[in-house]
Amino acid sequence: MAGIYLHIPFCKKACHYCNFHFSTQTKHIDAFVTAVLKEIELQKGYLNEPVQTIYFGGGTPSLLEPSQLKQILEALYTHFEIAPAIECTLEANPDDIDATQLAAWKNMGINRLSIGIQSFQAPALNWMNRAHTIEQSHAAIELAHAAGFHNISIDLIYGTPSLSDAELMADLDWIEKYKINHVSCYALTVEDKTALKKMIAKAQIEAVNPEKQARHFEVLTERLQAMGMEHYEISNFAQPGHRSQHNSNYWSGIPYLGLGPSAHSFNQISRQWNIANNALYIQSATMGALNFEIEYLTEANQYNEYMMTQLRRLEGFDIDFVKTHFGNSYFEHTLQVMDTLHTKHYFMQVGNRFALTKEAKFLADGIASDFFILTMAQ
Ligand code: SF4
């Protein structure tokens, strides 16, 4: 079973921290929709198996008219084999959510919402330059529940200089009160070419404090687990039965097709990514041409990716799988790295699997890189 990701590359305004591919030139949305419909047709042969998950991400997919989202879904149903009971997620920002939109989304088969809340605190939202208010966040969640959306995920950003420990606890109180069943939590990172990076460089705002971020991560991990959530991936928490299938499939190495500018596709042999430029994407696709770069994955690439994704997951990596799938040299290499890390109590073992301990989770990406085998892309 495969997945399809659609990247909707438009936003109302630029959040200070964001380095995703998007444009605030929303006047090009119509041309983009025409282009993505064409790309769907061009890519109809990419997946060799039925589609189990569809994910509208971005950018801000909720900026599209319901009729445009419906056209895209209909095109997917025309050109791909879609499984009978799919998970269909829409990322939506609180300021785009109202009863009419929710009813339209539900009618067209969207059954999961990922709402970009980020924080329930007004100073934190202002600091991030978000387009929505806290009143809109509360209304969005209440309206979504009233419209019958039971699968709701919210995004939270922690470790921002303006977010106090008490405010983080207050955010977690809201999650508990609203009985949210999936939360994605991201540490604020200062990415290149963002307004945030420039403002910090000019000392216009306070820099990010890694100790505060580690403390916030610990607090929210404990609190969300106390609410009964599984910490099933470093940044993701879910009530049992509510993990994101789409993202879980990414982490399990299942093929997926990415549509729209900057979207990535993966078919277990290669990874390809569309041009991250709206104008050039629209021009190519409407003329019937795909515009992407491709990388064929070496064995070392695949091993690195396996370790990276599995170390981020609750279940950890399977040492037997490393031996049978990658062979003895990779198995020996893994044991050697484990030996050097052993004294730090980074791992716990359950059967064949090694997962990161609670203390090591915040360091997951660094620990994974200790396992990486240097490789040249082919
Ligand atoms: S709404 Fe999302 S994609 Fe758009 S600028 Fe903000 S963080 Fe980035």
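**View 1. Aromatic pairing at Tyr250 and Tyr256.** The predicted model holds 21 aromatic pairs, counted where ring centres of Phe, Tyr or Trp (its six-membered ring) lie within 6.5 Å; planes under 30 degrees apart are stacked, over 60 edge-to-face and the rest tilted. Tyr250 and Tyr256 make an edge-to-face pair, 4.4 Å between centres and 65 degrees between planes. Tyr250 is partly exposed at 25% relative accessibility, and Tyr256 is buried at 10% (buried, under 20% relative accessible area; exposed, over 50%; partly exposed, in between; 1.4 Å probe, protein chains only).

**View 2. The pair Phe317 and Phe371.** These two rings, Phe317 and Phe371, are edge-to-face, with centres 6.0 Å apart and planes at 65 degrees. Phe317 belongs to strand E13 (residues 317–318) and Phe371 to helix H14 (residues 364–371), so the contact ties together parts 54 residues apart in sequence. Helices (H or I, at least four residues) and strands (E, at least two) are DSSP runs numbered from the N terminus. Both Phe317 and Phe371 are buried.

**Notes.** Residues are numbered from 1 along each chain as its sequence is written, and side-chain values use heavy atoms, without hydrogens or water. As the model is predicted, local features need pLDDT of at least 70 and side-chain atom pairs count only at pLDDT 80 or more, while totals for chains, interfaces and linings use all residues.
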